[in-house]
Amino acid sequence: MAKFSKKPIELLQSIDYTPPRTDWMSTPNDFSMGRWAYPAKPEKVEYLMHELPGVFANPREWSPGDVDWKLPSNWKDIVHEGFKERLDKYRSLKLFMDVCVRCGACADKCHFFIGSGDPKNMPVLRAELMRSVYRKDFTLAGKILGKLTGARVMEEDVLKEWFLYFYQCTECRRCSLFCPYGIDTAEVTMMARELLHLCGININWILEPVANCNRTGNHLGIQPHAFKDIVDFMLDDIETITGKRVKCPLNEKGHEVIFITPSGDVFADPGIYTFMGYLMLFDAIGLDFTMSTYASEGGNFGLFTNADMMKKLNAKMYAEANRLGAKWILGGECGHMWRVINQYMDTMNGYLQGPQMRTPVNPITGTVFNNAKQTKMVHIAEFTADLIKHGKLNLDKKRNDYIRATFHDSCNPARGMGMLEEPRYVLKNVCNHFYEMPENTIREQTFCCAGGSGLNTDEIMEIRLRGGLPRGNALRYVQEKHGVNTMACVCAIDRATLIPLADYWAPGVRISGLHELVANALILDGESERTMNLRQEEFEELFAQEEE
């Protein structure tokens with residue numbers, strides 16, 4: 001693992017926005033340690049090749065730091081044919097290759113460019129890495145005039161450059177928000193990664209979770225009995241905190257709702273507190289629900305590999321809803337899970353919905369979620385906001401008075417599904433002290449955690465912290481101005497990646513899921529007087545610290 005020891009001030013002073021002396025095609029790439037994530041283990045590639053033929057390839061031991069990447073002898077043909085197939089299949093890709101006028105509106109919108117000063121992290125230039133090959137291989141002008149049109153031949157150095165920079169893109173889509181032509185550079189990154197996979201160029205932090213999701217249903221590879229044990233531990237903790245034993249049915253048939261959440265909420269803090277919050281909420285309203293140990297992962301890591309893998313992993317949600325007879329699906333706090341659901345699920349797998357599935361209706365308030373008519377799946381922030389709006393929850397906001405909270409709009413729920421106000425409505429109803437970060441860093445303009453899209457791995461920590469500079473800077477602002485000590489979010493990956501980011505750029509700010517704060521405030525029927533929060537921290541000590 002690459003060691004990262006730069007202090008924040010040193011990292012800030014190292015950012016250099018001066019353009020290099022050489023043009024971008026001639027500027028050499030830096031493949032030193034810390035600049036790339038570890039390649040996938042051969043056995044993971046072999047497994048996926050067996051499970052989904054034609055998508056993954058070339059299992060082997062290799063390193064991006066080596067000169068020889070052990071590529072297939074016909075790798076140029078593989079890339080060319082793969083590129084051609086996708087241009088024929090996706091009209092959007094051809095559009096994104098053709099319409100850019102290099103206006104530069106996106107240039108300074110990427111968090112990786114802001115934190116690094118590297119021009120190849122400008123979205124326009126990152127996409128140009130792929131467009132240059134497109135021009136040479138698929139346009140007449142490029143074939144005839146070559147470099148004069150910005151075309152270049154696909155050589156090994158070009159392929160390696162793709163790997164370096166398309167794995168420095170978190171597919172957050174902030175750049176697309178500012179593009180006057182609507183070019184979605186995240187889609188370009190997705191296509192580039194698909195082509196890299198065809199040659200066996202990949203990273204382990206993505207392929208191992210994908211293999212686990214396909215094998216056991218969740219990215220950690222948690223077996224059903226272990227999943228149950230973990231849930232039981234959390235039920236024990238809830239009983240310790242509230243004096244009340246709540247339930248979490250698993251794999252039970254005949255319930256109205258199946259609840260699916262990212263497995264990141266199951267195994268580590270602070271996600272487990274969010275998970276405990278879900279269960280306490282369901283107990284408070286008497287929700288008729290079950291969970292599945294097969295569909296035990298809401299996150300879709302296939303999104304970071306290729307469309308076929310994404311479709312296969314997404315299908316388990318309807319498969320389990322049908323097997324268990326659920327009428328609709330309630331989904332937990334996750335980022336890329338919701339991007340897949342809102343942008344692709346109905347088109348990819350809508351035909352798999354069983355005849356028992358219905359447009360979701362809140363059984364407590366009667367609200368019909370028409371926005372979920374196609375997918376039959378509701379985000380828990382919408383669900384909880386509806387409960388609060390109708391006065392169905394008994395809340396004591398004062399329990400959270402030691403918290404001075406801000407809210408991080410996770411990129412995928414914010415830009416992928418437009419969920420901007422519901423989490424804020426919930427947060428303001430369970431916390432008395434809420435403060436927004438600067439307007440140009442929240443809602444649609446939110447900055448990425450810099451660890452999404454499969455980049456939440458420690459060997460590229462410097463890249464992550466550079467990419468996290470804009471979010472960290474905004475967080476530091478509200479910390480200094482309002483004393484913010486907690487940043488809430490609705491994404492499991494954010495709950496993991498924002499911790500080192502906050503520790504580095506705004507030390508002292510803790511990360512929380514939305515429903516951890518809901519459950520802190522929630523008064524359950526028959527509960528004992530609470531003396532501690534969900535983290536089992538004594539209220540008396542927390543409030544004493546706040547007064548100091």
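Q: Which helix gives the most to the lining of the largest pocket, and with how many residues?
A: Helix 20 gives the most, with four residues, where helices are DSSP runs (H or I, at least four residues) and strands are runs of E (at least two), numbered from the N terminus. The model is predicted, so local features need pLDDT of at least 70 and side-chain atom pairs count only at pLDDT 80 or more, while totals for chains, interfaces and linings use all residues. Residues are numbered from 1 along each chain as its sequence is written, and side-chain values use heavy atoms, with hydrogens and water left out.

Q: How is the largest pocket to be read, and what is its volume?
A: Rolling a probe the size of a water molecule over the atoms shows where empty space is left. A pocket is an open set of points, on a 1 Å grid over the protein atoms alone, where a 1.4 Å probe fits, with protein on both sides within 12 Å along at least five of seven lines, and lining residues have an atom within 4 Å of a point. Grid points are joined across faces, edges and corners, and a volume is the space filled by probe spheres set on the points. Here the largest pocket has a volume of about 690 Å³, and of its 37 lining residues Asp30, Arg35, Ser116, Asp118 and Tyr165 are the closest to its centre. Helix 5 (111-116) and helix 20 (461-467) each supply at least two residues of this lining.

Q: What is the volume of the second largest pocket, and which residues are the closest to its centre?
A: The volume of the second largest pocket is about 420 Å³, and among the 25 residues that line this pocket, Trp205, His219, Phe267, Asn456 and Ala496 are the closest to its centre. Helix 11 (204-216), helix 13 (264-267) and helix 22 (492-505) are the elements that give two or more residues to this lining, and helix 11 gives the most, with five.
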